[in-house]
Amino acid sequence: MVTAKTLGQGSDMQVKRVVLNSRPGKNGEPSSENFRLEEVSLAPDLNDGEVLVRTIYLSVDPYMRCRLNEDTGSDYLTPWQLSECVDGGGVGVVESSRCSTYARGDVVTSFSWPWQTHAVMKGGVLQKVDPQLVDGHLSYLLGAVGMPGLTALLGVREKGHVTKGANQTMVVSGAAGACGSLAGQIGRLDGCVRVVGICGSDEKCKVLVEDLGFSVAVNYRKEDVSARLRESCPDGIDVYFDNVGGAISDTVLAQINKGGHVVLCGQISQYNKDVPYPPPLSDKTQEILQSQNITRERFLVLNYMNKAEASLFELSQLVKSSQMKVLETVLNGIENMGIAFCSMMKGGNIGKQVVKISE
């Protein structure tokens, strides 16, 4: 990551932040050089409604690839601006406050947390959380009991049509990622008799089966995915939780049962390409969907935020009771934000990728 120093006037707190240094281009692969670490001065004086927070954890997520482009291609995502501080999911603690909602020591989270070691934020963009919700594991607020957890739970519930006693088989691509690792467990808990995960390493396959309770895991880098799916899904595929798109998804879609359901959650294999979202399907795959009456609907968790509070509580209970296990990959230090993001985009993480900024 590129480093630089920016001097401020009349301030006494030095903080580190990550700004956008360059864009990879719509068809480019992101690199850590797209981000720049700076040291800046932060004025200690707060205006009414503001709080000073210390960052504890920051999140990197696949959707951020769109924000690296001048045009995100989405009406709900704004692009990051060159030489300005990057933002995303974060959790931290209030150090001082001029907002009646928050007091010193409160744990808070936000979807638009600046990538800074400390930050002055408006109270309206923050949400107070009880650390007991995650038994003190604050990073879970960015994963299993945060947006990825909501996406997995509501994606399965709203678009998967899992029915207890229906002898259903679910396949999950990107199964060892933040969302996929949870979606497969939720599918099993909701009644799927068979859950098959597709991922990119033998280590991930082992974790999915031995730790998370997946029935089978397929390493797409080494195995014939089509043959392995036919072998491990003898009754066909009823639900497909799609996190990757591309050739892997075409292979899965060719084996979905009539009347099956595709949860179109993500298409990470396509994010470095200049294609619309969702990317267009081949004529052959489109014909399969139509002839087999398979639903393939885009799932956007932001459309279901009226169910967020109850769903987060349910996720918390599943984690606390160990019915759902949490996987995390943690890097330390704000200087590693760009490295963490690029690693996540290449599948270097198992479970949720987070960066620990402070204790």
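What share of the 359 residues of the protein counts as buried? The answer is 53%. Keep in mind that this is a predicted model.

Start with the overall build. The protein has nine helices and 16 strands. Its C-alpha trace spans about 70 × 45 × 35 Å along the principal axes. Now the radius of gyration. A compact globule of 359 residues would come out near 21 Å, and the protein has 21 Å, so the two agree.

Now charge. I count 35 positive and 40 negative side chains. Where do the centres of the two sets lie relative to each other? They are 2 Å apart.

That brings me to the salt bridges. How many does the structure hold? There are 16. I will walk through a few.

First up is Lys-346 with Glu-29. Their closest N and O atoms are 3.3 Å apart. Why look at this pair? Lys-346 sits in the loop between helix H9 (337-345) and strand E16 (352-356), while Glu-29 sits in the loop between strand E2 (13-20) and strand E3 (35-42), so the bridge ties together parts that are 317 residues apart in sequence. Buried or exposed, these two? Lys-346 is exposed, and Glu-29 is too.

Next, Glu-38 and Arg-36. This salt bridge has its closest N and O atoms 3.0 Å apart. Here both partners, Glu-38 and Arg-36, are buried. By our cut-off, that puts each of them under 20% relative accessible area. The pair does not stand alone. Which residues make up the network of salt bridges? Arg-17, Arg-36 and Glu-38 are linked in it. On the strand list, E2 covers 13-20 and E3 covers 35-42. That places Arg-17 within the E2 range, and Arg-36 and Glu-38 within the E3 range.

Last one: Glu-359 and Lys-356. Their side chains meet in a salt bridge at 3.2 Å, N to O. Glu-359 has a relative accessible area of 70%, so it counts as exposed, the cut-off being over 50%. Lys-356 falls at the end of the range given for strand E16 (352-356).

To recap the bridges. Lys-346 and Glu-29 are both exposed. Glu-38 and Arg-36 are both buried. Glu-359 is exposed. That is my tour; questions, please.

Terms used:
Residues are numbered from 1 along each chain as its sequence is written. This is a predicted model: local features need pLDDT of at least 70, side-chain atom pairs count only at pLDDT 80 or more; totals for chains, interfaces and linings use all residues. Side-chain values use heavy atoms; hydrogens and water are left out. Helices (H or I, at least four residues) and strands (E, at least two) are DSSP runs, numbered from the N terminus. The radius of gyration is taken over C-alpha atoms; the globule rule is 2.2 Å times the number of residues to the power 0.38. Buried means under 20% relative accessible area, exposed over 50%, partly exposed in between (1.4 Å probe, protein chains only). Lys and Arg count as positive and Asp and Glu as negative; His and the chain ends are not counted. The place of a charge is taken as NZ of Lys, CZ of Arg, CG of Asp or CD of Glu. A salt bridge is a side-chain nitrogen of Lys or Arg within 4 Å of a carboxyl oxygen of Asp or Glu.
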